[in-house]
Amino acid sequence: MFPDDDHIDDHLREECGVFGVFGCLAASKLCFLGLYALQHRGQEGAGIVSSDRSTFYVVRDEGLVSDVFNPENLAYLKGDSAIGHVRYSTTGSNNVNNIQPLYAKTSFGKLAVAHNGNLTNAYSIYSKLKTQGALFQSTIDSEVVLHMVSRSTETSFLKALQTSLSQIDGAFSMVFLCEDKLVAARDTFGFRPLVLGRLGKGFVVASETCALDLIGATYEREIEPGEIVIITAAEGVQSYKIPRQSRRAFCVFEHVYFSRADSVVFGDSVHLVRKEFGKVLAKEYPVEADLVMSIPDSGNSAALGYAEASGIPYEIGMTRNQYVGRTFIQPQQQIRDLGVKIKLNPITSVLKGKRVIVIDDSLVRGTTSKQRVSAIRKAGAKEIHMLISSPPITDPCHFGIDTPHRDKLIAAQKSIEEIRKHIGADSLGYLSIEGMLSAVKTHLPEHFCTGCFTGNYPLKVRNKGKHSFEGEKIKLYGKKN
Ligand code: AMP
């Protein structure tokens, strides 16, 4: 996402989920279901572009997947291939033109793209393309790829894509739709997940395996870091490389918070990794208590692990109203505060007079945690030991997770003792970085990006700390933009 005049910040964040289906009847309905399973990755807008091999059909709007799509517009989305996107972006960047998939008529034919991640050099590319006469329709970083491909002097689409993708920095798990093919590409670091599945004779690509499960597709494999997969009717799956070398940098925060517990991400079960976080936490922070509870749902798996390793009984100390969206994800503070109260309710009869270990996956601003600790205290808990199944978040993410600027990150501003006081807990402990990385089995610790916990980013963020698009917005009457 590019900064716009409402959003002058040192970087922009966008959390997203992508899905693609090729060679399946009712492709758009499958895509709808896939996006439904990926709803946790973005709740502000959703879109699908489908193709019947000649025409592209587009539905995009603000809101949840269930708000955007209905039987009528799904029937309009014809064809046996489709790509879709769910997105969340920070305040100021709510612009209907920014809802993905983006699409264009390019020199290689019609092309649509759905992107998860942040491109860290998109602003320089955008500025250059604009001086060369490119006409931008959105303010999102992903659009540069459409321009780069279309303007490429390479003779084939594959070469144009390879050259373009090798020039962009940062995080991308992308799904492209062409008239006759589906393409999936992942940056060489592998920041964001992207998996390939099969459904009958057709193929499916998704941010997470939970989307494959929902539509009954079988998991084949991950799209590898630096891989471009091209799927056609004639040749099935063909694999190519982005001509660029880099280290691996899988986002560990996908395991901590972002992915769904029932997904397999970077080769590991998210639930089991979180459970292991809890087990390691029990070793690192043994506490005498009567029960272990989680902040539902994000702390569930780790709390189970802690209880199992410590022998302290697991209890349900709070219930969640399933019908309220994620509060943190609401851009305005006022709405966020209100949401916290609606969402979770402590169970007084469980908590009264008890010494309680409360497990949550992460502490970001400290706002909701403070309210939760206070609610548990009001319900009569005698002692509250807050344990976090990840290390202190001290730095923003530049690669696609919405962590705020350092001045809003409580662990960048306060010591652990000060945070404990702020949230009102009797004790506070965080999982260590080594402990966190020891829980992930398939890949080596050095293959993860831990930037939000360490400030060590796997690549230099070039466009940091400057630009705004002040005055560049075009406002349409009757549209929120
Ligand atoms: P706070 O106490 O305000 O720092 O909020 C902590 C809560 O935010 C935890 O329960 C996390 O599960 C949740 N959280 C962490 N990262 C994110 C994110 N990127 N989007 C939404 N919620 C998040």
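Helix α5 is covered, at its buried residues, by a set of elements that includes β5 (102-106), β6 (109-116), α4 (122-131), α6 (157-167) and β7 (173-178). Here helices (H or I, at least four residues) and strands (E, at least two) are DSSP runs, numbered from the N terminus. Covering is judged by contact, meaning heavy atoms within 4.5 Å. The model is a predicted one, so local features need pLDDT of at least 70 and side-chain atom pairs count only at pLDDT 80 or more, while totals for chains, interfaces and linings use all residues. Residues are numbered from 1 along each chain as its sequence is written, and side-chain values use heavy atoms, with hydrogens and water left out.

Back to α5 itself. Seven of the nine residues of this helix (residues 143-151) are buried, so the rest of the structure largely encloses it. Buried means under 20% relative accessible area, exposed means over 50%, and partly exposed is what falls in between (1.4 Å probe, protein chains only). The buried residues of α5 are Glu-143, Val-144, Val-145, Leu-146, His-147, Met-148 and Val-149.

Next comes the ligand. Around the ligand sit 18 residues, and those that come nearest are Asp-360, Asp-361, Val-364, Thr-368 and Ser-369. A residue counts as near a molecule or strand if one of its heavy atoms lies within 4 Å of it. By class, this shell splits into six nonpolar, six polar and six charged residues. In that scheme Ala, Val, Leu, Ile, Met, Phe, Trp, Tyr, Cys and Pro count as nonpolar, Asp, Glu, Lys and Arg as charged, and the others, Gly among them, as polar.

With Thr-368 it is a polar side-chain atom that lies 2.7 Å from an oxygen atom of the ligand. A polar contact is a pair of N or O atoms within 3.5 Å; within protein, one must be able to donate a hydrogen and the other to accept it, and residues adjacent in sequence count only if both atoms are side-chain atoms. On its own the ligand has 510 Å² of accessible area, and the protein covers 97% of that. Such areas come from the Shrake-Rupley method with a 1.4 Å probe, and for residues only the protein chains shown count as cover. Two or more residues of the shell come from each of α8 (252-258) and α13 (367-378), with α13 giving the largest share, four residues.

Asp-361 turns up again beside Ser-390. Ser-390 is in the loop between β21 (383-388) and α14 (410-413), and its relative accessibility is 0%, so Ser-390 counts as buried. Not counting residues up to four places away in sequence, Ser-390 touches Val-256, Asp-361, Ser-362, Tyr-430, Leu-431 and Phe-453. A polar atom of the Ser-390 side chain lies 2.8 Å from the backbone oxygen of Asp-361. Ser-390 and Val-252 are 138 residues apart along the chain, yet their C-alpha atoms are separated by 9.7 Å.

Gln-39 is found between α1 (27-37) and β2 (45-51). Leaving aside neighbours within four places in sequence, Gln-39 is in contact with Leu-64, Val-65, Ser-66 and Val-86.

Most residues other than glycine have a negative phi, and most peptide bonds are trans. A cis peptide bond, with omega about 0 degrees, joins Gln-100 and Pro-101, and Pro-101 is in the loop between β4 (81-89) and β5. Pro-296 and Asp-297 are also joined by a cis peptide bond, with omega about -5 degrees; Asp-297 is in the loop between β17 (291-294) and α10 (300-310).

Ala-26 has a phi near 50 degrees and lies in the loop between β1 (14-22) and α1; with a relative accessible area of 40%, Ala-26 is partly exposed. Phe-266 also has a phi near 50 degrees and is placed in the loop between β15 (264-265) and β16 (268-269), but at 1% relative accessibility Phe-266 counts as buried.
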